[in-house]
Amino acid sequence: MGKDVILVTGANGQIGGVLTKALREAFGEQRVIATDIRKPEFPNAPFEILDILNKERLIQLIQKYKVTQIYHLAAILSAKGELNPQFAWRVNMEGLFNVLEASRLDQIQKVFFPSSIAVFGAQTPRINTPQDTVLHPSTVYGISKAAGENWSQYYFQKFGVDIRSLRFPGIISHENPPGGGTTDYAVDIYYAAIKGETFTCFLRDDTQLPMMYLPDAVRGTLELMDAPADQIKIRTAYNLGAMSFSPSEIYQSICLHEPDFKINYAPDFRQQIADSWSASVDDSQARADWAWKPKYNLPAMTEDMLYHLRKKQNTPEQNFS
Ligand code: NAD
Ligand code: AKB
């Protein structure tokens, strides 16, 4: 992997924490500069405070560390974004512009920008959503991701910035907590099961959504970024699938391990957001172009999540909440 130096924005988030670890294993600890607006709980390898709205500081860090690649994860997610739409738009769009412009000016070799199933909307075919389809998102988060996909393609076509992107489904992980999305229930439900609490789900029992276990999302990101540039045929963002399930189905998969676990349903404003998204996606283009293949289905993920959360619960120094 040569002399690449990677800067990660939003590195303390649900995906950022684990992706940064994986990048450090691949490129070397000192070659991956984690950045975020807030300090990590346990700072170790290179970390810098960076508000992505501060373009001068971004450029300063790129020059200080001689950065060659950027993984731009900092964003405000769907549910949190609806609470303050103008702020979410500013962080998501101005933040992306700062990364794109800094990448163009400083000749960054590769950029990763995660998109989301939030780009889809009520007019999008809900089952097996095609790669090329109607994008009329209903949230400010989805609008910012759809615009971001097109800006990414623009910077690739116009300026040759090698920016690559995936439409992540809802991500589930036992490590860093999720940051304010519509799919967060699918993480919270495992914590409730382990703590022996009744879980109140903010989505209806039959709400099918595309989901993915974080190890698959991290591997997919590394594989996309490692693929030869001429294999990357989609310069907006690739659909990426792994599994689809409803709250009732994830509940049943947990009950196979925790038979006394109880759930009830109290749908809130997030139901409308979920109803506007896909139930499943067609990711055949990612499979064809750079050999994408998920490893985890719902039963395998449930077994692994419960194993890791039980271990965390039994380790006193771990913050289990
Ligand atoms: P998260 O909310 O857990 O983490 C985002 C991080 O960005 C946080 O650590 C936060 O402190 C940081 N941040 C917020 N504002 C910032 C600013 N102004 N400057 C710098 N940092 C700032 O999100 P995540 O789940 O880790 O998602 C990472 C990326 O992946 C996002 O772009 C998100 O849209 C995308 N994505 C996530 C999911 C998912 O299910 N987690 C699904 C699809 C796409
Ligand atoms: C959210 O629910 O906002 C995210 C996403 C699917 O982008 N998890």
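**Entry 1. Isoleucine 263.** I looked up the accessibility of isoleucine 263 and found 17% relative accessibility, so the residue counts as buried. I note at the outset that this is a predicted model. Isoleucine 263 sits in strand S14, which covers residues 263–265. Next I asked which residues isoleucine 263 is in contact with, leaving aside neighbours within four places in sequence. The list reads Ile189, Thr198, Phe199, Cys201 and Tyr251. I also checked one distance across the model. The C-alpha atom of isoleucine 263 is separated by 51 Å from that of glutamine 107. Along the chain these two are 156 residues apart.

**Entry 2. Helix H6.** Ile189 turned up among the contacts of isoleucine 263, and I found Ile189 again among the buried residues of H6. I therefore went through the whole helix, residues 185–195: nine of its 11 residues are buried, so H6 is largely enclosed by the rest of the structure. The buried ones include three tyrosines, Tyr185, Tyr190 and Tyr191. Ala186, Val187, Ala192, Ala193 and Ile194 are also buried. Just after the helix comes glycine 196, with a positive phi of about 75°.

**Entry 3. The two domains.** I turned to the domain assignment. Domain 1 is made of 6–168 and 214–239. Domain 2 takes 172–209, 242–280 and 296–313. I looked up the separation of their C-alpha centres and got 25 Å. How many residues of each domain are in contact with the other? On the domain 1 side there are 27, and on the domain 2 side 23.

I then looked at area. The size of an interface is often given as the accessible area lost when the parts come together. Here domain 1 and domain 2 bury about 2000 Å² between them. Carbon and sulfur atoms account for 52% of that area.

**Entry 4. Polar links between the domains.** I counted 16 residue pairs in polar contact between domain 1 and domain 2, with both residues at pLDDT 80 or more. Which elements of domain 1 each supply at least two residues of the side that touches domain 2? They are helix H1 (14–27), helix H3 (78–83) and helix H7 (214–226). H3 gives the largest share, five residues. Sorted by class, this side of domain 1 has 12 nonpolar, 10 polar and five charged residues.

For salt bridges between the two domains, the count is one. Lysine 21 and glutamate 175 meet in a salt bridge through their side chains, at 2.8 Å from N to O.

**Entry 5. Other salt bridges.** Side chains of opposite charge can pair when their charged atoms come close. My count comes to 15 salt bridges. I picked out several.

- Glutamate 101 pairs with arginine 104, with the closest N and O atoms 2.8 Å apart. Both lie in helix H4 (residues 85–105), three residues apart, about one turn of the helix. Is glutamate 101 buried or exposed? Its relative accessible area is 17%, so I logged glutamate 101 as buried. Arginine 104 has 31% and is partly exposed.
- Aspartate 162 and arginine 164 form a salt bridge at 2.9 Å, N to O. I found both residues buried.
- Arginine 219 and glutamate 223 form another, at 3.1 Å, N to O. They are four residues apart in helix H7, so about one helical turn separates them. Glutamate 223 counts as partly exposed at 28% relative accessibility.
- Glu48, Arg57 and Lys64 are linked in a network of salt bridges.

Entry 6. Most residues other than glycine have a negative phi. I looked up two residues that depart from this.

Lysine 66 has a phi near 55°. Where does lysine 66 lie? I placed lysine 66 in the loop between helix H2 (55–65) and strand S4 (69–72). At 64% relative accessibility, lysine 66 counts as exposed.

Alanine 291 has a positive phi of about 65°. This residue lies in the loop between helix H10 (284–290) and helix H11 (298–313). Its relative accessible area is 55%, so alanine 291 is exposed.

Definitions and conventions: Residues numbered from 1 in each chain as written. Chains lettered and ligands numbered in written order. Predicted model: local features only at pLDDT ≥ 70, side-chain atom pairs only at ≥ 80, totals over all residues. Heavy atoms only, no water. Domains from an automatic or database assignment. Contact = heavy atoms within 4.5 Å. Buried area = accessible area lost by both parts, 1.4 Å probe. Salt bridge = Lys/Arg side-chain N within 4 Å of Asp/Glu carboxyl O. Polar contact = N/O pair within 3.5 Å; in protein donor to acceptor, adjacent residues only side chain to side chain. Nonpolar A, V, L, I, M, F, W, Y, C, P; charged D, E, K, R; others polar. Buried < 20%, exposed > 50% of the residue type's maximum accessible area, 1.4 Å probe, protein only.
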